[in-house]
Amino acid sequence: MATTKTKRGLRPGHGLAVAGLILGYLVVVPALIVSGLILTHPVTLAQWINTFFDGIDP
């Protein structure tokens, strides 16, 4: 909605509207991928996370 209003010149801030869309997609797409992995392979993902964090020194 914001991109159409700003593109027609009714309001300023078209760049901010586009940036908001891009940032939103950058958050939603990986979240959907991780959710899909958790639903399809919960044990494998848990093992991968454990091995990943075991390698980090506190």
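How many aromatic pairs does the structure hold? The structure, a predicted model, holds 2 aromatic pairs, where rings of Phe, Tyr and Trp (its six-membered ring) pair if their centres lie within 6.5 Å, and planes under 30 degrees apart count as stacked, over 60 as edge-to-face and the rest as tilted. Trp48 and Phe52 form a stacked pair, at 5.6 Å centre to centre and with 15° between the planes. Both residues lie in helix α3, 4 residues apart, about one turn of the helix. Phe52 also forms an edge-to-face pair with Phe53, at 5.2 Å centre to centre and with 80° between the planes.

Accessibility was classed as buried (under 20% relative accessible area), exposed (over 50%) or partly exposed (in between), with a 1.4 Å probe and protein chains only. Trp48 is exposed, with a relative accessible area of 52%, and Phe53 is exposed with a relative accessible area of 52%. Phe52 is partly exposed, at 43% relative accessibility.

The secondary structure of the protein comprises 3 helices and 0 strands, helices (H or I, at least four residues) and strands (E, at least two) being DSSP runs numbered from the N terminus. The radius of gyration, taken over C-alpha atoms, is 19 Å, well over the 10 Å that the globule rule gives for 58 residues, so the protein is more spread out than a compact globule; the rule is 2.2 Å times the number of residues to the power 0.38. The C-alpha trace spans about 55 × 30 × 10 Å along its principal axes. Buried residues make up 5% of the 58 residues. The protein exposes about 5200 Å², of which carbon and sulfur atoms supply 73%, the areas coming from the Shrake-Rupley method with a 1.4 Å probe.

Helix α2 (residues 14-40) contains Leu37, which is partly exposed at 38% relative accessibility. Together with Leu21, Tyr25, Val29 and Ile33, Leu37 makes a nonpolar surface patch of about 490 Å². Pro42 is found in helix α3 (residues 42-54) and is partly exposed, at 47% relative accessibility. Pro42 and Val18 are 24 residues apart in sequence and 35 Å apart in space, C-alpha to C-alpha.

Residues are numbered from 1 along each chain as its sequence is written. Local features need pLDDT of at least 70 and side-chain atom pairs count only at pLDDT 80 or more, while totals for chains, interfaces and linings use all residues; side-chain values use heavy atoms, with hydrogens and water left out.

How values were computed: Patches are made of residues with over 30% relative accessible area and no salt bridge: like charges are joined within 9 Å, nonpolar side chains (Val, Leu, Ile, Met, Phe, Trp, Tyr) within 5 Å. A salt bridge is a side-chain nitrogen of Lys or Arg within 4 Å of a carboxyl oxygen of Asp or Glu.
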